[in-house]
Amino acid sequence: MSSPVRFALAGFGAWGKFHAQSIAGNSDARLVAISAPSESSREEALKLYPDVHIFADSLEMIAQAEFDLIDIVTPSHTHREIALAAMAKGKHVLLEKPMAITLDDCKAIVAGAQQFGVHLAVGHELRLSSQWGEIKNIIARGTIGDPQYVLVELSRKPYRQGASGWRYDQSRVGSWVLEEPIHFFDLARWYLESSGDPVELHAYANSRDPQRPTLFDNFSAMFKYANGSYAVVSQTLAAFEHHQTVKVSGTKGALWAAWSGALDRTLEPEYFLKVFDGENLETVKLKKHSGEVFELREEITQCIDMVRTGKPPIATGLDGLWSAGLCLVAEESICQGKPLPVGEMLKF
Ligand SMILES: NC(=O)c1ccc[n+]([C@@H]2O[C@H](COP(=O)([O-])OP(=O)(O)OC[C@H]3O[C@@H](n4cnc5c(N)ncnc54)[C@H](OP(=O)(O)O)[C@@H]3O)[C@@H](O)[C@H]2O)c1
């Protein structure tokens, strides 16, 4: 029997605590170290995980702790420094989305994984969902024909501030498109994989707070492919609870999925997935619960496999780069008020 994969966790905030739970709850994993700068977070971590080494500084943790993989769940502007420091020590990385807040940083992280020969998984956990992931399987089976149109839409309550208000500070969050819509760019591009790479993107957005005009509450983007397929990604943060919809139309049929919860992290969500193959309409019975808390557990299992067997993660560094890149082109499209090409962004 293999020994448990040793995880070091950078960040013990709202989402980092869920990572800690998922790691600690997996018998093939061992949580060996946690880093968080504030005393209060460190105290909480120590209380919950008394056998784990707690550090104030992520770089110190990387230098001193014995681990196999670092799980980075810190504010997005810190991802590059922490990921590259861990990679330079030969550690594998699970990096939360957005992998970083500039294209330059994303490319440096992808290049770092190549240079140091380590595995890099990016936290696009919706791909591991029993619901959003099943859509990919249905498309792959040809049930709806060739996908030509994808809509991913979310209406939700406003974002949290985050530790020391980083999420409302543009220099640290980068863009609000990099926060939640990045998941939808990732899904839409994944569903439309058979169309190749997207070629053009046009976005619109607005803010309801004049104090932060470039952190957008309402955001919509369309991106298209050379073969005429296209996707719509749309989000409002000026709403309530958490309600997500995906619709995909193909040359033969279509599908429709929705997910609703009072909170994104509820353990009791409502959801469905309906598929029309051109003749029959079926409501798909999902094998597991759908929701990010459940998907996070799958993500940890996937990372254990990645470390033990070298199996590539479902979302690689290049996927993370594409998703962040689409968000950043969307920001630029809003700024310039016109559609922009997207193909250039992968070039190193
Ligand atoms: N995949 C998803 O669905 C998903 C969901 C939520 C968030 N995220 C991503 O996960 C990351 C964290 O989000 P969050 O909501 O958990 O933020 P958060 O609640 O603000 O927590 C951030 C944590 O990082 C700590 N921190 C800050 N700088 C650090 C550093 N240099 N080294 C180590 N820890 C540091 C903070 O420490 P203190 O507590 O000591 O201040 C806090 O514990 C972001 O990149 C976010 O976009 C992804």
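The legends below describe close-up views of a predicted model.

**View 1. The two domains of the protein chain.** The domain assignment divides the protein chain into domain 1 (5–125 + 296–316) and domain 2 (127–289 + 324–346). Taken over C-alpha atoms, the centres of domain 1 and domain 2 are 25 Å apart. To their contact, domain 1 contributes 19 residues and domain 2 contributes 18 residues.

**View 2. The side of domain 1 that touches domain 2.** Two or more residues on this side come from each of the elements α5 (103–116) and α9 (292–309). The most is given by α9, with three residues. By class, the side of domain 1 that touches domain 2 holds ten nonpolar, five polar and four charged residues.

**View 3. The shell around the ligand.** The ligand has 28 residues around it, and Gly-11, Gly-13, Trp-15, Ser-38 and Gly-162 come nearest. Helix α1 (residues 14–24) supplies the largest share of the shell, three residues. The shell is made up of ten nonpolar, 13 polar and five charged residues. Because domain 1 (5–125 + 296–316) and domain 2 (127–289 + 324–346) both give residues to the shell, the ligand lies between them.

**View 4. The open sheet of nine strands.** The strands of this open sheet follow the order β14-β13-β12-β11-β7-β10-β9-β8-β15, and their pairing is mixed. At the edges are β14 (281–283) and β15 (340–341), each of which pairs on one side only.

**View 5. The pair β12 and β13 within the sheet.** Strand β12 (residues 254–261) pairs with strand β13 (residues 270–276) over seven bridges, in the antiparallel sense. Opposite Lys-274 in β13 stands Trp-256.

**View 6. Helix α6 on the sheet.** Helix α6 (residues 132–140) packs on the sheet and touches β7 (147–156), β11 (242–250), β12 and β13. The direction of helix α6 makes about 5° with that of β11.

**View 7. Helix α8 on the sheet.** Helix α8 (residues 181–191) also packs on the sheet, where it touches β7, β8 (198–206), β9 (218–225), β10 (230–236) and β11. The direction of helix α8 makes about 165° with that of β7. Strands β7 and β11 are touched by helix α6 and also by helix α8.

Conventions:
Residues numbered from 1 in each chain as written. Predicted model: local features only at pLDDT ≥ 70, side-chain atom pairs only at ≥ 80, totals over all residues. Domains from an automatic or database assignment. Contact = placed C-beta atoms within 7 Å. Helix = DSSP H or I, 4+ residues; strand = E, 2+ residues; numbered from the N terminus. Nonpolar A, V, L, I, M, F, W, Y, C, P; charged D, E, K, R; others polar. Near = placed C-beta within 6 Å. Pairing = 2+ DSSP bridges. Axes fitted to C-alpha atoms, helices over the stretch in contact; angles between N-to-C directions.
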